[in-house]
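Visitor: Before we discuss anything, could you put the sequence and the model on the screen?

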Amino acid sequence: MGRRDAEGRTDVEKFRKNIGKQEFKGRSKKKTLSIRDKAQSKRSTGKTVQVIVLYLLAILALLVSLYFLFYVIYSSNKGEQTSH
């Protein structure tokens, strides 16, 4: 730790600072906000698609279960009618 205090910043800290400067070089606040909004909209559309697919699967499961229920009821009624 004494060496670090004597030199000031380490090479790694200088490197990280330079990367940070290059990353934000030439960006205005409007551009940064537009990039952030675009990223948020991409995230929200992904969740929206997942919710829509989930609802469609739930409706499909409900329809399949109703179809199976009516099939069982119809087949049991048909069997009773032929036995009489």
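Guide: Ile-59 has its place in helix α3, which spans residues 29–83, where helices are DSSP runs of H or I with at least four residues, and strands are runs of E with at least two, numbered from the N terminus. This is a predicted model, in which local features need pLDDT of at least 70 and side-chain atom pairs count only at pLDDT 80 or more, while totals for chains, interfaces and linings use all residues. Residues are numbered from 1 along each chain as its sequence is written, and side-chain values use heavy atoms, with hydrogens and water left out.

Visitor: Does Ile-59 count as buried, partly exposed or exposed, and why?

Guide: Buried means under 20% relative accessible area and exposed means over 50%, with partly exposed in between (1.4 Å probe, protein chains only). Because its relative accessibility is 47%, Ile-59 counts as partly exposed.

Visitor: What share of the 84 residues of the protein chain counts as buried?

Guide: The protein chain has three helices and zero strands, and its elements run α-α-α from the N terminus on. By the cut-off under 20%, the share of its 84 residues that count as buried is 0%.

Visitor: How far apart are the end C-alpha atoms of residues 52–74?

Guide: An unreviewed UniProt entry annotates residues 52–74 as "transmembrane region"; UniProt positions are given in the numbering used here, feature names are shortened, and annotations may be inferred rather than shown by experiment. Over residues 52–74 the chain is 100% helix and 0% strand, and the distance between the end C-alpha atoms is 33 Å.

Visitor: In which helix is Lys-14 found?

Guide: At 42% relative accessibility, Lys-14 counts as partly exposed. The helix in which Lys-14 is found covers residues 11–23 and is helix α2.
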